[in-house]
Amino acid sequence: MERQRARRAIDKKHPDKDKDGKADVREGKDIAHRKALSNGGSNKDGYRVQSASANRSFKRDSNGRLVSEVSKRERRK
């Protein structure tokens, strides 16, 4: 539900000029939570619009759980 609420909040704040039901800012992007929901995060912790490749590039263990919230790309900076 937290993911859905975050998407709806973005859609409410930003315009939808092509009338397809998604805010134009969100098209082709993911809503990324600043603290992962699987690690106890919520919408109160914040969220942002991010590309799918950046949002899904976190290190995970063999069970698929998040190990690190810092992607390899961000560690190199």
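I began at R26, which counts as buried at 11% relative accessibility (buried is under 20% relative accessible area, exposed over 50% and partly exposed in between, with a 1.4 Å probe and protein chains only). This is a predicted model, in which I took local features at pLDDT of at least 70 and side-chain atom pairs only at pLDDT 80 or more, while totals for chains, interfaces and linings use all residues. Residues are numbered from 1 along each chain as its sequence is written, and side-chain values use heavy atoms, with hydrogens and water left out.

**Salt bridges**

I searched the whole structure for salt bridges and found two, the criterion being a side-chain nitrogen of Lys or Arg within 4 Å of a carboxyl oxygen of Asp or Glu. In one, the side chains of D11 and R26 meet at 3.0 Å, N to O. D11 lies in helix α1 and R26 in the loop between α1 and β1, so this pair ties together parts that are 15 residues apart in sequence; helices (H or I, at least four residues) and strands (E, at least two) are DSSP runs numbered from the N terminus. I noted D11 as partly exposed, at 23% relative accessibility.

The side chains of E2 and R5 also meet in a salt bridge, at 3.3 Å, N to O. These two residues are three apart in helix α1 and therefore separated by about one helical turn. E2 is partly exposed at 27%, and R5 is partly exposed at 46%.

**Loop residues**

I then looked up A23, which lies in the loop between α1 (2-13) and β1 (29-33) and is buried at 1% relative accessibility. Leaving aside residues up to four places away in sequence, A23 touches I10, D11, H14, P15 and D16, where contact means heavy atoms within 4.5 Å. K19 is in the loop between α1 and β1 but is exposed, with a relative accessible area of 70%, and I recorded for K19 a positive phi of about 55° although it is not a glycine.

N43 sits in the loop between β1 and β2 (47-51) and is buried at 19%; with residues up to four places away in sequence not counted, N43 touches E2, R5, A6 and H33.

**Side-chain classes around the pocket**

For the lining of the largest pocket I counted six nonpolar, three polar and ten charged residues, with Ala, Val, Leu, Ile, Met, Phe, Trp, Tyr, Cys and Pro as nonpolar, Asp, Glu, Lys and Arg as charged, and the others, Gly among them, as polar.
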